[in-house]
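Please consult the sequence and structure as you read.

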Amino acid sequence: MIVTQNLSKKYAKQLVVNRLNLNVRQGTVFGIIGENGAGKTTALSMLVTLTTPTSGKAYVNGFEVSTDPVGVRRSIGYMPDSFGVFDDIRCEEYLLFYADCYRVPRDIARQRCNEYLDWVGLAAKREAYVNTLSRGMQQRLEVARCLMHDPPVLILDEPASGLDPRSRIELRSVLQRLKEMGKTILMTSHILHELVEVADELAIMRAGEMMAVSSVNVLKNHSTAYRTIRIVGTGSDDLWKSALTEDKHVLNYHIGPEFVEVFYGGTVDQQARLLEEMVQRGISVHQFFEYETDVEELFLRLTGEVMTE
Ligand SMILES: Nc1ncnc2c1ncn2[C@@H]1O[C@H](COP(=O)(O)OP(=O)(O)OP(=O)(O)O)[C@@H](O)[C@H]1O
C-alpha cells in the first residue's frame, strides 16, 4: 500500500532521508521509531506530497508521489506532528469544512461527522470550539478529520506526543478500531512501547537511515525467549570470557565494572548450568539475577539476526 524505493531528501548538504526503502502492506500498521531529527517527519512529508523527494520513488495506494500527487492526497488522511486546526471553529464545522475540501457530498459528510465524533468520544463536544478541547481531544478530533474523505491510508506523525497516560490509552483504542476498519496506517513515535501496542511491523530510523525492520510478533515472542542476566562476582576477565563464550546460549555479553551483563537465549535449566560452570571455573559469583530486557535493545539485537517474517 505504501512502497518507497531509495527515497532520499537532501537539504543543502545534509542528507536528511537516505535511501529509504519501505513496504507497508495493506491493512497493517507500520510504526517508525526514531529520535528527534532522525528524519521521520521529512520521510512522511514526502509521502504526503508536502515535500519533493531529491531522489528515489514513493507510491501510496498505487500513486507515485511526484507524478500523481492528487491521487496520493485523495488516498491519505494525514495528521501532522504540529497541530493545525483553526481556533475559533466548532468541532462539527471543522469536520464539515474538511469534508467540503474533499468535495464529500453534504449528506454523507454529516453522516460521517456524527459517526466519527461519536466514535472518537467527542459526540458531546460537537458544538464546542476546537480551542476549548484538551490536547487528547484535539488529537482524536484530528483522527476524525483524517477519516472524513474515507481514505484507505492514514499517515500519523507522532499522534501520541504530548498526551497524558489516559489520553494515550484512549488514542490507542481509536487506533485499534482504525486497524479493524482495515485502514493501512503508517505512524511515528519516539517511544517504542507505544508502537508495540498497535503496530504489526516496526522500523528504527537514525540519522536519515532505516536501521532495522522487524515484525512485532517476532519481537514479542523473543522478548520472552531472550533474557538479560546480570551477574555480580569476582574473577579475571579471561575466566569470564571463557565461561561466556563457550556457552552457545550466550548471545552477547558485556563485562562492566560492577556487573557482567549477559543476553541469554537458553532455558532456565541451561541458565542454571551456566552458573554452575562459572563457579567450577573459579569465578566467585555473588549475585546472578534476571534483569528486565529493554525492548528497544532487544529489537536492535534481534534485527541483526531475525528479519521481518
Ligand atoms: N525544511 C528544512 N530545511 C532544512 N533542514 C530541514 C528541514 N526540515 C527538516 N530539516 C532537518 O532535517 C533533519 C530531520 O528532521 P525531521 O523533522 O524530519 O526529523 P524527525 O525525525 O521528524 O524529528 P522530530 O521527532 O523532532 O520531529 C533535522 O536535522 C532537521 O533540522
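For the residue classes used here, Ala, Val, Leu, Ile, Met, Phe, Trp, Tyr, Cys and Pro count as nonpolar, Asp, Glu, Lys and Arg as charged, and the others, Gly among them, as polar. The model is predicted.

Q: Which helix gives the largest share of the shell around the ligand?
A: The shell includes K40, T41 and T42. The largest share, three residues, comes from the helix spanning residues 40–47, namely α1.

Q: What separation is found between the centres of domain 1 and domain 2?
A: Domain 1 covers 2–215 and domain 2 covers 227–292. Taken over C-alpha atoms, the centres of these domains are separated by 45 Å.

Q: Are α5 and α6 roughly parallel or oblique?
A: The axes of α5 (residues 135–147) and α6 (residues 165–180) come within 9 Å and cross at roughly 10°. Angles under 35 degrees count as roughly parallel. The orientation of α5 to α6 is therefore roughly parallel.

Q: Which residues of α6 meet α5?
A: α5 passes α6 in a right-handed crossing. On the α5 side, the contact is made by R135, G136, Q139, R140 and V143. Their partners in α6 are S167, E170, L171 and V174.

Q: How many nonpolar residues does the contact of α3 with α4 have?
A: In this contact, C91, E92, L95, L96 and A99 of α3 meet A109, R112, C113 and L117 of α4. By class, there are no polar and two charged residues, and the number of nonpolar residues is seven.

Q: Are α3 and α5 roughly parallel or oblique to each other?
A: α3 and α5 pack with their axes 9 Å apart, at an angle of about 30°. The limit for this class is under 35 degrees. The two helices, α3 and α5, are therefore roughly parallel.

Q: What is the handedness of the crossing of α3 and α5, left-handed or right-handed?
A: The contact is made by C91, Y94, L95 and Y98 of α3 and L141, A144 and R145 of α5. By class, this contact has six nonpolar, no polar and one charged residues. The crossing of α3 and α5 is right-handed.

Terms used:
Residues are numbered from 1 along each chain as its sequence is written. This is a predicted model: local features need pLDDT of at least 70, side-chain atom pairs count only at pLDDT 80 or more; totals for chains, interfaces and linings use all residues. Domain bounds come from an automatic or database domain assignment. Axes are lines fitted to C-alpha atoms, for helices over the stretch in contact, and angles run from 0 to 180 degrees between N-to-C directions. Helices (H or I, at least four residues) and strands (E, at least two) are DSSP runs, numbered from the N terminus. Angles under 35 degrees count as roughly parallel, over 145 as roughly antiparallel, 65 to 115 as roughly perpendicular and the rest as oblique. A crossing is left-handed if the near helix is turned anticlockwise from the far one by less than a right angle, and right-handed if clockwise. Two residues are in contact if their C-beta atoms, placed from the backbone, lie within 7 Å. A residue is near a molecule or strand if its C-beta atom, placed from the backbone, lies within 6 Å of it.
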